[in-house]
Amino acid sequence: MIGDSLRHAVRTTLAIGSLLAGISTAQVHVITVLADKDSRYKIAGERKPEITVKAGEPVLLRITARRGKTWNRDGSIHGFSLLRAKDRSKVPGWDLLLRPGEQEITLTAPDEPGEYVVVCTVICSEEHEGMNMRFVVTP
Ligand SMILES: [Cu+2]
């Protein structure tokens with residue numbers, strides 16, 4: 001009797017869990033980026049990497065980072081920091097430090113549509129200043 005109700009409770013919990021998982025994976029915008037050893041962001045299939053998101057949408061950033069010539073004492077090898085293009089101000093929650101290998105970060109797209117830029121914040125080589133990419137938020 002107790003066993004039955006426990007099994008029922010477990011089944012119900014699993015059902016709700018897979019339902020929620022289905023909803024979240026359907027809505028989240030997965031973006032795959034390579035922060036490469038030559039101090040460049042790369043996106044598969046794009047000659048010039050660029051990210052476009054919808055204002056306020058959930059984003060799963062899947063980044064693989066490869067070590068350049070230099071890195072931070074704390075082990076960060078590249079940064080991924082989002083700035084508003086008009087005044088270069090940082091977007092809260094989007095100031096990331098990357099470790100070697102693949103990492104996944106859950107984020108929320110900025111609420112304000114417009115032009116942004118992603119910049120590296122780790123001095124990763126003499127090419128570091130050129131490590132940036134366009135980021136567009138659509139309404
Ligand atoms: Cu870098």
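Gly75 is exposed because 10 other C-beta atoms lie within 10 Å. The structure is a predicted model, in which local features need pLDDT of at least 70, side-chain atom pairs count only at pLDDT 80 or more, and totals for chains, interfaces and linings use all residues. Residues are numbered from 1 along each chain as its sequence is written.

Gly75 belongs to the loop between strand E4 (58-65) and strand E5 (78-84). Strands (E, at least two residues) are DSSP runs, numbered from the N terminus. Although 24 residues separate Gly75 from Arg99 in sequence, their C-alpha atoms are 6.6 Å apart in space.

Most residues other than glycine have a negative phi. Ser39 has a positive phi, near 60°, and so does Arg88. The table gives their surroundings.

| Residue | Loop between | C-beta atoms within 10 Å |
|---|---|---|
| Ser39 | strand E1 (29-35) and strand E2 (41-42) | 21, buried |

Five strands form an open sheet of mixed pairing, in the order E3-E9-E8-E5-E6. Strand E3 (50-54) and E6 are the edge strands, each pairing on one side only. Two strands pair if DSSP finds at least two bridges between them. Within this sheet, E5 and strand E8 (residues 114-119) pair in the antiparallel sense over four bridges. Leu83 has Val117 in E8 as its bridge partner.

Notes:
A residue is buried if 20 or more other C-beta atoms lie within 10 Å of its own, exposed if 12 or fewer, and partly exposed in between; C-beta atoms are placed from the backbone.
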